[in-house]
Amino acid sequence: MEQDILEDISTIDLSDKISVENPMDYKGCLVLNKSTPARICIGKAGSRYKTSDYLRLRADHAVAMDAVWSHVDESIVDELGFLKFQTLVKDKEEYITRPDLGRKFSKEVIVDIKEKCTCNIDVQIIAGDGLSSPAITSNLKDIYPMIVEGVKGKGYSLGTAIFVKYARVATMDKISEALNAKITLILIGERPGLATGESMSCYIAYEASSKKPESQRTVISNIHKNGMPPVEAGAQIVQLIEILMKEKKSGIDLKL
């Protein structure tokens, strides 16, 4: 017996959906709706959202929760040749409740990094799960080769690619110090919102150090298929690397 298959409500394009009853300017609502990922032009049933809009809100919230609690498909980082290391965090629950541990490695891991990875390089690339594992799973295969090709094309030496499980942004500082990298960048999953669970950021710093403030970092964010496409972001990252190498500074000290 054939059964009806319900449409996945999270796949509906909200930019084409106007649920306000009899809007005075329907075309204007469409133009406005397509200009932003925010939830606008949503109608109500009395004082509440309509059922379809409420269910979509709950579905998108579930996507965000899954992004935080899921894990990176490590077959992708293996395929790209990344060496894998883990911070002091033991599991996802500790990762959420102890962000300080996601910024540190054990002494044994630091020794392992120094022994297995190339030191004294121009550019060190790191990938970290962060607060959205799907961001790495979805974007790394497109952005990483673009960065590698660009860095090599500029004549810079490239370090051993590193993947960090349970990573925070400041993880990059410890690796930079261990490997004496001029420029260190980390591709990391952003805290998910209700628009996407696949958004990634690239934090990049010149001579990154745990002794420097957070303002040492320059960032390119909102990297995903519906934001800044990963290939385009890769090209911008390479351009930024060239600027940092020339100026020998990053973050708020860098005037772009």
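Tutor: Ground rules: the model is predicted, so local features need pLDDT of at least 70 and side-chain atom pairs 80 or more, while totals for chains, interfaces and linings use all residues. Residues count from 1 along each chain as its sequence is written, and side-chain values use heavy atoms, leaving out hydrogens and water.

Student: In what order do the 6 strands of the open sheet run?

Tutor: Strands are DSSP runs of E, at least two residues, and helices are runs of H or I, at least four, numbered from the N terminus. Two strands pair if DSSP finds at least two bridges between them. Here the order is 3-5-4-6-7-8, with mixed pairing. Strand 3 (83-86) and strand 8 (218-223) are the edges, each pairing on one side only.

Student: How many bridges join strand 7 to strand 8?

Tutor: There are 4, and the two strands run antiparallel. I204, for one, has T218 in strand 8 as its bridge partner.

Student: Is S201 buried or exposed?

Tutor: Buried means under 20% relative accessible area, exposed over 50%, partly exposed in between (1.4 Å probe, protein chains only). S201, at 2%, is buried. S201 sits in strand 7 (residues 200-206).

Student: Which residue's side chain makes a polar contact with that of S201?

Tutor: A polar contact pairs N or O atoms within 3.5 Å; within protein, one must be able to donate a hydrogen and the other to accept it, and sequence neighbours count only if both atoms are side-chain atoms. For S201 the partner is E190, at 2.4 Å.

Student: Which residues of helix 2 are buried?

Tutor: They are D53, R56, A59, D60, A64, A67 and V68.
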